[in-house]
Amino acid sequence: GTQGYILTNDNNWLTMNTSDHGSGAFTDMAFNMSMQATDRVRIAGQFYDRKLGKLGDWEPLMDWAMVDYRPKPWLGFRAGKVKTVLGLFTDTQDMDFANTFALLPQSVYPIDLRDAAIAHEGGDIFGKAKLPNKLGSVAYAAYGGRRADNMHSGYPYLLSGYGITLSSYGGPVYGGDFRWLTPVRGLKVGASRLNQIITGKGAFAGGPYEEHSRHDWTNQYYGQYTANKFHVESEYRRYLRDQIIFNGTAEVETDVRGWYVGGGYRINKWLEAGSYFSHYRIFPGGYNSTYPDSETHDYDKAVTAKFTLNRFTTVKVEGHFMDGNGSALYPAGFYSNVNPNGFAPNTNGLVVRSGFSF
């Protein structure tokens, strides 16, 4: 589990009242189990609960639960509620003790949308194979199933600010990931694709509400290099969401493009230093929309010190220096719900997050 505190000099962030005296409403906890039933069969699952400002609301979730059968190194199967392989960190973002940063780059891994991305109900085919001529190896995963969002996630909270109360949000998903572990020791590159057909239902203005996808997909490209005490990584993510909203009376296309470059260096056994630059742009009316740049971006420079106190406990102290605040039309950390007087153009933030693992 982790406990965090966030203080900002302006703009309330991540649904919390962070700009007054800061907020400690940043708690999550997980309990996972894994059993090797046979040489080829593994059973694993995780319960998860969180309170992130207005999100989570202490509603316990079966985060993921799956059976993993691997008859060959190059061929395996997973079934159940399966963690989604998307980029470098989607399926490992809960391993706080292993991550350098208190908050992963929000342009690609928004914490307020964690519940929407962590897993799918369905199945995977996956495997890993060596390449000839000492060209390294490749790993792949292909999946299909259904996504069912928690109603205390970022998108339902965003819509609540416009008088819309969602009761369900989700639908079929399918996609895959392919990565190359190159002959250069510690270097891997890859690409992921996610397609979704999403329907949201609820209530608006005393009547029913419905929205559904026309197009909804994500492309993500990534690379990472690790060597001894050092790591560096970069990812690019494009998310296109074309929705029919307000019971079929309107259409909105959202084009989100994010990327980051970051890394870390372990100075000694108890201290690691890290930094990243996270670049987020959103085009609420599509890529050719005329929204001003000041209302569609969030450029975040982050610096981190990670202290490993013992094998159970870490403390991360992280500074964020943000130019812009994305768009109030899509969940990106800044919400009009908790910023009723509008947004200042820049935000500096302090994040302190302690983690405990056993």
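**View 1. Strand E2 and the lining of the largest pocket.** Strand E2 is the element that gives the most to the lining of the largest pocket, with nine residues. This is a predicted model, in which local features need pLDDT of at least 70 and side-chain atom pairs count only at pLDDT 80 or more, while totals for chains, interfaces and linings use all residues. Residues are numbered from 1 along each chain as its sequence is written, and side-chain values use heavy atoms, with hydrogens and water left out. The elements giving two or more residues to this lining are strands E2 (23–36), E3 (41–52), E4 (61–72), E5 (75–83) and E17 (346–356). Strands (E, at least two residues) and helices (H or I, at least four) are DSSP runs numbered from the N terminus.

View 2. The largest pocket has a volume of about 960 Å³. A pocket is an open set of points on a 1 Å grid over the protein atoms alone, where a 1.4 Å probe fits, with protein on both sides within 12 Å along at least five of seven lines; lining residues have an atom within 4 Å of a point. The volume is the space filled by probe spheres set on the points, which are joined across faces, edges and corners. Of its 47 lining residues, Asn32, Gln46, Asp94, Met95 and Asp96 are the closest to the centre. The lining divides into 23 nonpolar, 13 polar and 11 charged residues. Here Ala, Val, Leu, Ile, Met, Phe, Trp, Tyr, Cys and Pro count as nonpolar, Asp, Glu, Lys and Arg as charged, and the others, Gly among them, as polar.

View 3. Met95 is found in the loop between E5 and helix H1 (114–117). Met95 counts as partly exposed because its relative accessibility is 33%, the class between buried (under 20%) and exposed (over 50%), with a 1.4 Å probe and protein chains only.

**View 4. Ile267 in strand E13.** Ile267 has its place in strand E13. With 44% relative accessibility, Ile267 counts as partly exposed.
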